[in-house]
Amino acid sequence: MILESIASSRLRIAVFLAACAALALTVHAQTEQAPIEFQAPITVYNNWSAYDELSDNVPLTETLAMHELDEILRLRKAGVRFDYYTMDAFWFAPDGGYRTWRTPNWPKGPDAWIRKCKANGILPGLWFGTNSTMKIQGPPAWKSSLNKDGWAMSFSAGGFLPDFMNTLQYWYDRGIRMFKFDFANFDVATPGDAARLSKEEIKARNVTAFREALLAFRRKNPDAVMLAFNGFGGDQNDTESRPPFHDPTDLRWLEVFHAEYTGDPRASDVPEASFWRSMDIYGDHMVRRYEQAGFPLERIDPTSFMAGKTGTIYNRGLHAWKGAFLLMMSRGGWVNSVYGNLELIQGQDAKWMAGVQSLFLELQGQGRIHTFGGIPGEINSYGFVGITTRGAVYVVMNPSQAIDTVRLPLILPNQEALGSGRIQFHDAGFEPRLSGDRITLGPGQMAMVGYGTYATSAYDFGIQEDVVIPNSIEPVASEFRATAP
């Protein structure tokens, strides 16, 4: 009973803090006349991991990009929703300052891609390396902002920022509506500023300069969607991180960015029989940590679902993809991103994806999603719960290497009147058991439970056959010793 009380208290506190943070951000944004935020959740396709030029040798080409656009249109016929298509890294010519496209991969530039997106009601987006010179040489205007080693530009000195913002406007005017900012570095200074300013002053000036420039851009272009990736704060290396972050997050970024991401997919520090389940737990953990830092769930982008054949996604293909997709949709973020090789998702899998997406877009947009239970990286059972006037949906995870019974906290005042729940999705092997508001899960197992309307067969998403949970588990005594220095 004590543990149940603690879990319930944690949930109420988390909901209260998230509401306070959202209210504070709203009030502050109103005083600055910030543009209108999302009115509803969005769905995004990003083609990274369909190609990979960092950990693999699959290049981005116009042929690949247009093929994935055709796959978007095919999946749409099965009911899968895509609002945006973002072109990720390395579309740009190395010497074009983000204004020209790389040849021979894009011999005629992006016009055919932009036209086809717009003709099919899809809003195109672009990736930008922000102030990094990775694989790009800037125009003359950038040179006055370079640091001593020439690998990045200052936001607060020289000509880089004005030229960069003009570039963003150039692409907005050509139809780009989503802007993804990656590898930002606010510690960069010109040699002159590095000699006379402290590190704290340099960072403060850069943050202020870029934030104000983006605010001005959004006021002019209020329908532009802005996403923050690497460089905007938060510890993303492992699941051992605890708040406060060593790299502090600045909630003022939420006045210009619609969402901030929590790190690329990777294995967690939690031991699991399934490598892919360990990756699931990493995504869950980072969402919880950003929530603890004050981010409303809808503004957190876990960037966790990639179905690709390249090194960046560990050549995953569709291995254990259903649990990963369901978890991504359940976490409450309003930027619902799918990365990678869409051609892998065929037939009944496409219909399954459409059904899960439809359910959780409803929960995100019409109801509310909350976290409950322990912290994933601390190996305590946890979950996400979405509610509407039609019922409640719980997605619950047991990250431990033991069978565990988890209480599903009651959220709705009259939830008991919804009747008994129904397990609507779970891993193969161990058969989870639901009794009232308690579910027993095997080691490393996840499940989805519906109440009310969501307990009907229409929301039965089946069994994930490629994650098999053991029916019993016990520790094996082991002794480790060094045999060589």
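A: A residue counts as buried under 20% relative accessible area and as exposed over 50%, with partly exposed in between. The model discussed here is predicted.

The aromatic rings come first. Tyr 382, with a relative accessible area of 1%, falls under the 20% limit, so Tyr 382 is buried. Phe 384 also has a relative accessible area of 1% and is therefore buried. A pair of aromatic rings is described by the distance of the centres and the angle of the planes. Centres within 6.5 Å make a pair, and planes over 60 degrees apart make it edge-to-face. By this rule there are 59 aromatic pairs. One of them is formed by Phe 275 and Tyr 314: the ring centres are 5.5 Å apart and the planes stand at 80°, so the pair is edge-to-face. Phe 275 belongs to helix α8, residues 275-292, while Tyr 314 is in the loop between β8 (306-307) and α9 (321-330), so this contact ties together parts that are 39 residues apart in sequence. Phe 275 has a relative accessible area of 36% and is partly exposed. Tyr 314 has a relative accessibility of 36% and counts as partly exposed. Tyr 382 and Phe 384 also form a pair: with ring centres 6.4 Å apart and planes at 85°, the pair is edge-to-face. In that pair Tyr 382 is buried at 1%, and Phe 384 is buried at 1%.

Aromatic rings also meet charged groups. The charged end of Arg 99 sits over the ring of Tyr 170, at 5.5 Å from the ring centre. Lys 180 lies over the face of Phe 229, where the distance to the ring centre is 4.1 Å.

Next come the charged pairs. Side chains of opposite charge can pair when their charged atoms come close. The structure holds 21 salt bridges. In one of them, Lys 116 is bridged to Asp 70, with 2.5 Å between the closest N and O atoms. Lys 116 is partly exposed at 27% relative accessibility, and Asp 70 is partly exposed at 37%.

Glu 71 forms a salt bridge with Arg 74, the closest N and O atoms being 2.7 Å apart. These two residues both lie in helix α2, 3 residues apart, which is about one turn of the helix. Glu 71, at 10% relative accessibility, counts as buried, whereas Arg 74 is partly exposed at 25%.

Arg 196 and Asp 193 form a salt bridge whose closest N and O atoms are 3.0 Å apart. Both residues lie in helix α6 (residues 191-196), 3 residues apart, or about one turn of the helix. Arg 196 counts as exposed at 54% relative accessibility, while Asp 193 counts as buried at 11%.

Elsewhere, salt bridges link Arg 277, Asp 280 and Asp 427 in a network.

Phe 360 is in helix α10, residues 347-366. With a relative accessibility of 2%, Phe 360 counts as buried. From Phe 360 to Trp 127 the separation is 233 residues in sequence and 27 Å in space, C-alpha to C-alpha.

Terms used:
Residues numbered from 1 in each chain as written. Predicted model: local features only at pLDDT ≥ 70, side-chain atom pairs only at ≥ 80, totals over all residues. Heavy atoms only, no water. Salt bridge = Lys/Arg side-chain N within 4 Å of Asp/Glu carboxyl O. Buried < 20%, exposed > 50% of the residue type's maximum accessible area, 1.4 Å probe, protein only. Helix = DSSP H or I, 4+ residues; strand = E, 2+ residues; numbered from the N terminus. Phe/Tyr/Trp six-rings, centres within 6.5 Å; stacked < 30°, edge-to-face > 60°. Lys NZ or Arg CZ within 6 Å of the ring centre and 35° of its normal.
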